[in-house]
Amino acid sequence: MNLITKTISLPKVGKTRITFYRDKRRTTRDKSTFSLPFDVQLGDDTFLGEILYSPEMRSCRIMWSEYPEDKSVAEEVESFIKEFLFGTVLATTEPIEPEEAEEIMNSLTEAIISSLRYSISGEGAMVIEIPIIGRESKMLKVIVRKKDSGDYFITDDGLILRSFRPHERGQRDRVVFAAKRLGIEVREEELYLDSPPEDMANNLYKFIQMISAVYLFYLF
């Protein structure tokens, strides 16, 4: 969207149209200050201007090509522009191109994959370790075991629920309730999720999301 048009009501002139021309926006070399052309319809006349603003300093200045005759009307327009600029226009950022989105996703995938670790225990279980918010000292552990039938089950080996102290009983109960709503069983102190091979990726993702939320909201 290269231009933004707003129809507003000002006390002095009533219904008024203001247009911001984002395709004509300019910036300084260090991208600390921007200029944004605009025009405003006041009665039968159109007045042009330019906004000089700094997102970092959250400040702006209105430069009129031709100042409206009624100073109070101009002040009302300027007041609206300043409020709208930082509330909406700056939030409407530049469009992300498909190639840029692809690069972001590739970087994200690489970051996620590089943070994961797994090993096979002496009992033949797969142990997946995931750092919490990049902290190597705090690791999530997810254990995957295989049944004789060829299906899998995912568990935390009871590590999460046993981490709650006696006075945190209410929090523990909320975790149990949430787990059951997601189809995750609770066997004594163990979170447990059965999974056929074809659903393994989705179930593993669901299980990791669940225990990640528990760690972040209760055990972090």
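**Where does Glu-188 lie?** In this predicted model, Glu-188 sits in the loop that links strand 11 (185–187) to strand 12 (190–195). We will come back to this residue in a close-up below, after a look at the whole protein.

**Figure 1. The whole protein, with 4 helices and 12 strands.** Start here to get your bearings. The radius of gyration is 28 Å, while the globule rule gives 17 Å for 220 residues, so the protein is more spread out than a compact globule. Taken along the principal axes, the box filled by the C-alpha atoms is roughly 85 × 40 × 30 Å. Of the 220 residues, 35% count as buried. Now think about contacts between residues at least 6 apart in sequence: 39% of these join residues at least 24 apart.

**Figure 2. Helix 3 packed with helix 4.** Find helix 3 (residues 169–181) and helix 4 (residues 200–219), whose axes are 11 Å apart and meet at an angle of about 160 degrees. Angles over 145 degrees count as roughly antiparallel, and helix 3 is therefore roughly antiparallel to helix 4. The crossing of helix 3 past helix 4 is right-handed. On the helix 3 side, the contact is made by Gln-171, Arg-174, Val-175, Ala-178 and Ala-179, and on the helix 4 side by Met-210, Val-214 and Tyr-218. Sorted by class, this contact has 6 nonpolar residues, 1 polar residue and 1 charged residue.

**Figure 3. Leu-161, a buried residue in a loop.** Look for Leu-161 in the loop between strand 10 and helix 3. Is this residue buried or exposed? Leu-161 has a relative accessibility of 2%, so it counts as buried. Leaving aside neighbours within four places in sequence, its contacts include Arg-172, Val-175 and Val-176. Also among them are Asp-156, Val-186, Glu-188, Glu-189 and Leu-191.

**Figure 4. Glu-188, an exposed residue with a positive phi.** Here is the residue from our opening question, in the loop between strand 11 and strand 12. Phi of Glu-188 is near 55 degrees, a positive value in a residue other than glycine. With a relative accessible area of 73%, Glu-188 is exposed. How far apart are Leu-161 and Glu-188 in space, C-alpha to C-alpha? The distance is 9.3 Å, although 27 residues separate the two in sequence.

**Figure 5. Asp-157, a second residue with a positive phi.** Asp-157 is placed in the loop between strand 10 (152–155) and helix 3. Its phi is near 60 degrees, again positive in a residue other than glycine. At 33% relative accessibility, Asp-157 counts as partly exposed.

**Figure 6. Ala-201, an exposed residue of helix 4.** Return to helix 4 and pick out Ala-201. This alanine has 62% relative accessibility, so it counts as exposed. Now find Leu-10 as well: Ala-201 and Leu-10 are 191 residues apart in sequence, and their C-alpha atoms are 56 Å apart in space.

Conventions: Residues numbered from 1 in each chain as written. Predicted model: local features only at pLDDT ≥ 70, side-chain atom pairs only at ≥ 80, totals over all residues. Heavy atoms only, no water. Axes fitted to C-alpha atoms, helices over the stretch in contact; angles between N-to-C directions. Helix = DSSP H or I, 4+ residues; strand = E, 2+ residues; numbered from the N terminus. Parallel < 35°, antiparallel > 145°, perpendicular 65-115°, else oblique. Left-handed = near helix turned anticlockwise from the far one by under 90°. Contact = heavy atoms within 4.5 Å. Nonpolar A, V, L, I, M, F, W, Y, C, P; charged D, E, K, R; others polar. Rg over C-alpha atoms; globule rule 2.2 N^0.38 Å. Buried < 20%, exposed > 50% of the residue type's maximum accessible area, 1.4 Å probe, protein only.
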